[in-house]
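Have the structure open while you read.

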Amino acid sequence: MATALNLDIAQELNITIRKGDTFSFDLTAQDKDGNGIDVSDYKFDMDIRDGSSNDRSAVVMSTTADVVEGEPIPLVTVNGLADGTITVRAVRTDSEKLNEGSYLYDIQATTANGATSQTWFYGSFIVNDDVSDFI
Amino acid sequence: MATKFTIPSKQNVVFKYSDGSVDDLSLDILRVENALILNDILKDADMDFDIASLEGTTHNGAVSTWSSLVNNYTLENSGTGQAQYVETGGVNGGPSLYFADASDTFKSARKHLALHNNGVKGEYSTTGEFVFYVVFEYNALTDIDIQPTILSREGGSNQHYVFRPGKGVEIYGKQGAETLDFALSEYNKNSFAKSTPYVRVVRRDKDGDISVYDEASASMAAIPPTNKVGFDFGFSNIGAQDTLDNARNGGTQPPIGSGVMINRIGLFNSDIGAQKAQALGRLLSDKYITQTT
């Protein structure tokens, strides 16, 4: 009988936003007693990409400033705070640059010394189309 | 057919995480809920002064009364002299109430704002739990080494802890002639950059422990549980230009040129818990500093 060893702790969290809207949500890390865990020393990386490719050019939004095909990638910020709150946020001018569609994303957490990196969340990232343009 | 509009709430995903140091490597999503917002916390405050209450007051416009958003507290001009005034280029470039320092003879002539409760003037005292918060910025020529802090006043029949985000705004605690075990020396060395906004939340829990949190929810300081002093809140002297420093603060007043601008200040007369107190610092920062709400 085979024994499984699963070191993947990532949890699926599917996200839907509306193109051209600011999006912002919190993730709150707690210990077993329900107290906030200080995550201010963690570095969080988030990429949202077209699921059809693993190439960097498929990234449509990222915490890492980059240029793909001559255009800056729209930015999302992920910040960890001392009370356990992880804020995820993108401004409307960046979400406006996303095309309607279904994407994939994950959020990786890396300790301050860089020794440990784990994927905490992953899932679909759906962008609903909007009607009005922001002027 | 009626059309119902609802405002989408910011969401918060609560998850439990263990990093493996206690024989457990796990991450579990517990629930998705509406994220805590500033008003969720501040609705329970005992007094809450918001610069928005003074909306419409022009630059340098005199303020004779600043009313709390909750209960019937007011800060009122204490005399017949010039009132404190609104600085439209205050905290983070927004409007603030400006409390001048004594170096400006014109400004220092202004009278302080005295706390009133239902029209009756008086200080605010508590011997138990509290949470105090303030959003402020020094209007200084140089960085400030004299900090908004909690410190002990040496000498005299009483010793005090003092929290002072600026000249004339303070909380002080009293306890007879007992020796205080004071552990804020590192915090007291903090330097505050000129023209930079800060948030401080000071919390005293049921055991008498005092914690100070900043705009990133980080703990700035803690007074050990041996110090179970009572506290008075010097709101009756908010904006005062003298007496406090000499009488209570042992000569640690901010240097010349360090007026303070405030756009939110208030307190709870009970402990709201560490998580909410930390979140309060972060959410005040979101609203008044990073403006990401």
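What follows covers the nonpolar cores and then the salt bridges.

This is a predicted model, where local features need pLDDT of at least 70, side-chain atom pairs count only at pLDDT 80 or more, and totals for chains, interfaces and linings use all residues. Residues are numbered from 1 along each chain as its sequence is written, chains are lettered from A in the order in which they are written, and side-chain values use heavy atoms, without hydrogens and water.

A nonpolar core is a set of buried Ala, Val, Leu, Ile, Met, Phe, Trp, Tyr and Cys residues joined through side-chain atoms within 4.5 Å. Buried means under 20% relative accessible area, exposed over 50%, and partly exposed in between (1.4 Å probe, protein chains only). The largest core here has 31 residues, and A:L27, A:W120 and A:F125 have the most contacts inside it.

Now for the charges. A salt bridge puts a side-chain nitrogen of Lys or Arg within 4 Å of a carboxyl oxygen of Asp or Glu, and the whole structure has 13 of them. Here are some:

| Pair | N to O distance |
|---|---|
| A:D33 and A:K32 | 3.6 Å |
| B:K16 and B:D28 | 3.7 Å |
| B:E215 and B:R200 | 3.2 Å |

A:D33 is exposed at 56%, while B:R200 is buried at 2%. Finally, A:D26, A:D83, B:K10 and B:R282 are linked in a salt-bridge network.
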